[in-house]
Amino acid sequence: MQNDFFSKDDFTARQKNGLQQAIKHASDNSPYYRRVFGEANLNPGRIDSPADFKKIPFTTKNDLREAYPYGMAAVPLEKILRIHASSGTTGKPIVAGYTRGDLDCWAEGVARICEMAGVTSSDIAQISFGYGLFTGGFGLHYGLEWLGATVVPFSSGNTERQLSLMQDFRTNVLVSTPSFAIYMAETARDLGYSPRDFGLKIGLFGGEPCSDAMREDIENQWGLKATVNYGLTEVVGPGISGECMETAGMHILEDIYYPEIIDPKSGEVLPDGEKGELVLTPMFKEGFPVLRYRTGDITRLIPEPCPCGRTTRRMDYITGRSDDMIIIKGVNIFPSQIEEVLAGFSEVSPHYRLVLKKEKGFIKDLEIQVELTPEGFTDSFQALEALDGRIRQRLRSTLSLGPRVKLMEPKSLERTTGKAKRVFEVEQ
Ligand code: DLL
């Protein structure tokens, strides 16, 4: 897959053509973007430099929500072969429609991501993402088939059966959320198996953040090489960026998706290396095109070249979303900061919950429910109290705030087979 090795000049030329194509297609065929260009008084035919490109207004989740269900379509509906949607926690879902060309481009892109991670056509990959409106299952499915790998389309849930088929089919690639990979290992051990005996070689994990601690845990338990990949429904689904075997950031398929990093407050474009919100423009999307989509995900573009030799730029791991910041007593907190602190305690499992107690819409109190590992659990009240004190102290120095900590018994917090839900709100 030579595209990942294009020269810088090649990329620049391809991006220039790609962006022009994206702008032309959107402004000619999408009533939504015709309106956007009209309101911004922009002549789409005149946008041919990075400075002009920055004049195109951002598209937000809200814009897509308001366009529910087909307001973003730029082709007649008979050209749409498939619909996906992201559930979202509030309001209407966001809908994405794919033409034949979109589906092919998506599958080839995902195939590149899988190949970067070390998957080959001789591998057997079990997909434990849900198949349905969620893009994870179908996205990885067609990408892995494009690559020529053998796909086991298990879908999510039914963990015991997953494990038994994994053994029977000699699956060596696991495709899931990182939290489900942890849960599966836990279930395997409960059933008396050693996860390492399953012979998994590579993990393709995505759909949610994978902290260093989670990665280490997954690799140690399964004895596999864990790789992380990223994507979102609004732009395509999985297959926007993914790790090569250096596992040092995720290579963006820059010849398909044009990345920018902006200051989430001012909207100003930031230079490579600086942290901000990722904005993406898919350049060849026919069905439901989007221009300058604000992903909400906080990351940075890594300026240094990757030792693997691929010339596509890498994006760093997502450290949070611009909309998941918790403001409590005037202090801004990202859940990832809490996760990092908890990961420093060997007595603590990767399962935790942030319970926000709200009064009239304002967060009054934060309780962190922390599940202990079986080894970290003890009957000694004194030992537990001491641990609680140490965790609180570490949290206080990192967050400048001392939230309440509730230590929970091993395996007491509910597990999920998809994306883990960490933040819970309780109105008092
Ligand atoms: O989660 C697409 C996907 C499926 C990607 C499977 C990778 C593997 P959505 O349901 O629309 O799409 O959710 C997209 O999930 O904006 C991020 O906040 C988060 N996300 C996805 N991948 C990662 C990752 C799919 N590797 C939202 N690290 C995105 C951190 C991720 N967050």
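**Exercise 1. Which residues come nearest to the ligand, and how is the shell around the ligand made up?**

Step 1. The ligand has 22 residues around it, and those that come nearest are Gly207, Asn229, Thr233, Asp297 and Lys419; a residue is near a molecule if one of its heavy atoms lies within 4 Å of it. This is a predicted model, in which local features need pLDDT of at least 70 and side-chain atom pairs count only at pLDDT 80 or more, while totals for chains, interfaces and linings use all residues. Residues are numbered from 1 along each chain as its sequence is written, and side-chain values use heavy atoms, with hydrogens and water left out.

Step 2. Look next at the polar contacts, where a polar contact is a pair of N or O atoms within 3.5 Å. A side-chain N or O atom of Thr233 is 2.5 Å from an oxygen atom of the ligand, a polar side-chain atom of Asp297 lies 2.6 Å from a ligand oxygen atom, and for Arg321 the distance from a side-chain N or O atom to an oxygen atom of the ligand is 3.3 Å.

Step 3. On its own the ligand has 610 Å² of accessible area (Shrake-Rupley method, 1.4 Å probe), and the protein covers 91% of that area.

Step 4. Helices (DSSP runs of H or I, at least four residues) and strands (runs of E, at least two) are numbered from the N terminus. Two or more residues of the shell come from each of α6 (135-147), β7 (225-232) and β8 (237-243), and β7 gives the largest share, five residues.

Step 5. By class, the shell holds eight nonpolar, nine polar and five charged residues, where Ala, Val, Leu, Ile, Met, Phe, Trp, Tyr, Cys and Pro count as nonpolar, Asp, Glu, Lys and Arg as charged, and the others, Gly among them, as polar.

**Exercise 2. What lines the second largest pocket?**

Step 1. On a 1 Å grid over the protein atoms alone, a pocket is an open set of points with protein on both sides within 12 Å along at least five of seven lines, and a lining residue has an atom within 4 Å of a point. The second largest pocket has a volume of about 750 Å³, the volume being the space filled by probe spheres set on the points, which are joined across faces, edges and corners.

Step 2. Its lining has 36 residues, of which Lys8, Gln15, Glu254, Tyr258 and Arg313 are the closest to the centre of the pocket.

Step 3. Helix α1 gives the most to this lining, eight residues, and the lining as a whole has 18 nonpolar, seven polar and eleven charged residues.

**Exercise 3. In what order do the four strands of the open sheet lie?**

Step 1. The order is β10-β11-β12-β15, with antiparallel pairing; two strands pair if DSSP finds at least two bridges between them.

Step 2. Strands β10 and β15 (320-321) are the edge strands, since each pairs on one side only.

Step 3. Between them in the order, β11 (residues 276-282) and β12 (residues 293-299) pair over four bridges, and Leu280 has Tyr293 in β12 as its bridge partner.

**Exercise 4. How many cavities of 30 Å³ or more are there?**

Step 1. A cavity is a set of grid points where a 1.4 Å probe fits but cannot get out, and the count comes to three cavities of 30 Å³ or more.

Step 2. The largest cavity has a volume of about 100 Å³, and its lining includes Tyr98, Trp106 and Phe284.

Step 3. The second largest cavity, of about 40 Å³, has Thr233 and Lys285 among its lining residues.

Terms used. A polar contact is a pair of N or O atoms within 3.5 Å; within protein, one must be able to donate a hydrogen and the other to accept it, and residues adjacent in sequence count only if both atoms are side-chain atoms.
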